[in-house]
Amino acid sequence: MKIKIICFGKMDAKYFEEASENYLKWLSKFCDLEIIQLKEEFHADFEKNKSINCEILEKKILANKEFETVILNVSSTYKSSEEFSEIISKNKNFKSGKLQFVIGPSDGFTNEFKNKYQGISFGPITLPHQLFRVVLLEQIYRAFKINNNEKYHK
């Protein structure tokens with residue numbers, strides 16, 4: 001299975017970088033995972049920021065159009081770890097085996113962008129991008145452990 005995480009910014013905190021590297025190492029036995037880091041655009045106009053950054057995302061998503069796309073959006077339906085593991089399992093077993101997760105820009109997604117893609121949320125909290133990336137990697141790892149009935153989840 002191939003998984004991509006499309007996100008803005010680079011890891012600049014050593015502890016987040018180390019955590020990410022550990023999860024990537026552990027995930028390598030389950031999938032081929034690639035992190036695509038984009039440069040976020042910042043302008044004085046909040047709505048312009050959202051629009052420009054969603055256009056950047058759209059181009060990257062369309063470049064990988066054989067991948068099923070899931071956006072991580074705080075206002076989407078909350079998914080438990082078990083429900084999240086089902087998304088991975090269904091894609092691996094019944095679809096293309098190619099899945100990409102999109103972590104949005106700091107100003108969020110435009111409504112038009114949100115309406116184009118399946119969205120999920122891990123809860124109503126807002127996390128810094130670097131920390132959320134680690135949380136996403138952990139949940140992907142947990143999903144594979146759940147799907148393979150391996151000890152980790154509980």
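**Note on salt bridges and sheet packing**

1. K116 and E58 form a salt bridge, their closest N and O atoms being 3.6 Å apart (a salt bridge is a side-chain nitrogen of Lys or Arg within 4 Å of a carboxyl oxygen of Asp or Glu). The pair links distant parts of the chain, 58 residues apart: K116 lies in helix α4 (residues 111-116) and E58 in helix α2 (residues 46-63). Helices (H or I, at least four residues) and strands (E, at least two) are DSSP runs, numbered from the N terminus. K116 counts as partly exposed because its relative accessibility is 48%, while E58 is buried at 15% (buried is under 20% relative accessible area, exposed over 50%, partly exposed in between; 1.4 Å probe, protein chains only).

2. This is a predicted model, in which local features need pLDDT of at least 70 and side-chain atom pairs pLDDT 80 or more, while totals for chains, interfaces and linings use all residues. Residues are numbered from 1 along each chain as its sequence is written, and side-chain values use heavy atoms, without hydrogens and water.

3. The structure holds eight salt bridges. Among them, R142 and E138 pair at 2.8 Å between the closest N and O atoms; both lie in helix α5, four residues apart, and both are buried.

4. K145 and E150 also meet in a salt bridge (2.7 Å, N to O). Salt bridges that share partners join K29, K145 and E150 into one network. K145 is buried at 9%, whereas E150 is partly exposed at 27%.

5. Five strands form an open, parallel sheet in the order β2-β1-β4-β3-β5 (strands pair if DSSP finds at least two bridges between them). The edge strands are β2 (32-38) and β5 (118-121).
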